[in-house]
Structures are given as C-alpha cells and as structure tokens.
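This report describes one protein model in plain terms.

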Amino acid sequence: LETIRTEYETKKESLEMQLNKLDLQRKTIASDLAEMKMQVDIDEMMLKRTLVSLNNERYLDSIGASTREKVREAELNYTVKQMQLEQLKRKYENKKSTSRSEIRSLELDYKIAMDLLFKTLGEAQVMAPRAATLTWINDQVGASVAQGSNLAILSDLSSFKVEGEIADSYADKITAGNRVNVVIGGEKLSGTVGNVTPSVNNGVIKFVVFLD
C-alpha cells in the first residue's frame, strides 16, 4: 500500500491547493457581483433623479418657463440612462448565471478528484466481500501486484457440491433437477443434479450435484 499512500498524499496536497483556488474564486466572484449590484443601485437612483428632472422640465414648459428643446433633451437623457441601466442589469444577471456555472464546474471537478482518490485508496484495502474461510493467500512479501491479480481465495465451507463423471451411454439418466444419493464412505447424502456439461469428452459426460 505504500505506493498508493504516497500517491494519495501527493494528490491530496494538489487537491488542497485546488480547494484554496476554488475558495479564492468564490470570494473574487462574490466581490465582483457585489460591486456590480452596487452600481445597479446607484444607476437606479440616478435614473429616478433624471426622471424628476424630466418632470420638472415638462412642468416648466407647461407654464412657459422652459423650452421644448430642453424637454426633448431631458427626455433623451432619461431614455439613455434607462437603457444603460437595463444593459447593466442584464450584465449583472449574466455574471451571476455564468459565475454559478463556473463554481459548480470547479466544485464538481474537485469532488470527482476526491472521490476517485478515496476510491483508489479504499480499493487498495483488500476486504473479504462476505463471510468465508481463507484457503489461500499470496504471501510473497513486497511483491508488486497488478490490478486484477489474485491476492487470496475464499471458500464457503458451510456447503459443498460434487463434481461427477458418467459414461455418455447413461446420458439419459443425468438430467438437471434429478434427485441423487451420494455415498461417501458409510454415509449417504441426498442432492440434486445441477449443471450438466452438454459436450462429450472421451465418451464421458461431466455434471455437478448440489448436496442438500
């Protein structure tokens, strides 16, 4: 396990740096969004102020204290401010959307890398998949073991099966599901024929009996 542990520690440090980068990215994005939101608020207040100025010019024009030219100029100024505000709002919403996607992507990359790291290390810890008896183990200390190689053999000694052979001339007597008696020494054990080899080899058919 030493090789995989060394690799684990190396990758763990790299992932910690990646996590720090992710946190920094979150803070940078949050700061940028806060700044944009503040600008949106400022522009909204400026737009309200421009609207007040426009209404004042319209009123002054109605009582003859202003000119139509000044009213049109105030209207144009208000329209420009309104369009600029809408543009800024769209940029702000787009920034929020792309920022969420960017952070999710970075978080997913980090999670996948971490899961893979723990999975590899976890699989290096060889655990028996079920309760059984260890009947063989590779006991060569320090040997490199490739992925997929046998490390050990487990046997379920709570039940047994019998592998039998019979001449093909008795093939009609051996059918899956047939009841049989197996005599071992002076003991008779009942069982059922399981798998029957469909091919004949040297005039012999092989079959398996599952004991009760």
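The model is predicted, so local features need pLDDT of at least 70 and side-chain atom pairs count only at pLDDT 80 or more, while totals for chains, interfaces and linings use all residues. Residues are numbered from 1 along each chain as its sequence is written, and side-chain values use heavy atoms, with hydrogens and water left out.

**Helix 2**

Helices (H or I, at least four residues) and strands (E, at least two) are DSSP runs numbered from the N terminus. Helix 2 covers residues 68-124, which is 57 residues. The expected span of a helix is 1.5 Å times one less than its number of residues. For helix 2 this gives 84 Å, and the end C-alpha atoms are 84 Å apart, which agrees.

A residue is buried under 20% relative accessible area, exposed over 50%, and partly exposed in between (1.4 Å probe, protein chains only). The buried residues of helix 2 include Val71, Leu85, Tyr92, Ile103 and Leu121. Against what do the buried residues of helix 2 pack? They pack against helix 1 (2-62), where contact means heavy atoms within 4.5 Å.

**Salt bridges**

A salt bridge is a side-chain nitrogen of Lys or Arg within 4 Å of a carboxyl oxygen of Asp or Glu. By this rule the model has 9 salt bridges. The table gives three of them.

| Pair | N to O distance |
|---|---|
| Lys89 and Glu44 | 3.1 Å |
| Lys96 and Glu93 | 3.7 Å |
| Asp115 and Lys111 | 2.8 Å |

Lys96 and Glu93 both lie in helix 2, 3 residues apart, or about one turn of the helix. Lys96 is partly exposed at 25% relative accessibility, and Glu93 is partly exposed at 44%. Asp115 and Lys111 are 4 residues apart in helix 2, again about one helical turn. Asp115 is partly exposed at 40% relative accessibility. An α-helix has 3.6 residues a turn, so residues three or four places apart point the same way.

Asp23, Arg26 and Glu107 are linked in a network of salt bridges.

**Pockets**

On a 1 Å grid over the protein atoms alone, a pocket is an open set of points where a 1.4 Å probe fits, with protein on both sides within 12 Å along at least five of seven lines; lining residues have an atom within 4 Å of a point. Grid points are joined across faces, edges and corners, and a volume is the space filled by probe spheres set on the points.

The largest pocket has a volume of about 760 Å³. Its lining holds 19 residues, and Leu1, Ala124, Val145, Ala146 and Leu151 lie nearest the centre. Helix 1 and helix 2 are the elements that give two or more residues to this lining, and helix 1 gives the largest share, 4 residues.

Ala, Val, Leu, Ile, Met, Phe, Trp, Tyr, Cys and Pro count as nonpolar, Asp, Glu, Lys and Arg as charged, and the others, Gly among them, as polar. The lining of the largest pocket divides into 8 nonpolar, 8 polar and 3 charged residues.

The second largest pocket holds about 250 Å³. Strand 1 (133-137) and strand 2 (152-155) each supply at least two residues of its lining. The lining, which includes Val126, Pro129, Asn138 and Leu154, divides into 9 nonpolar, 1 polar and no charged residues.
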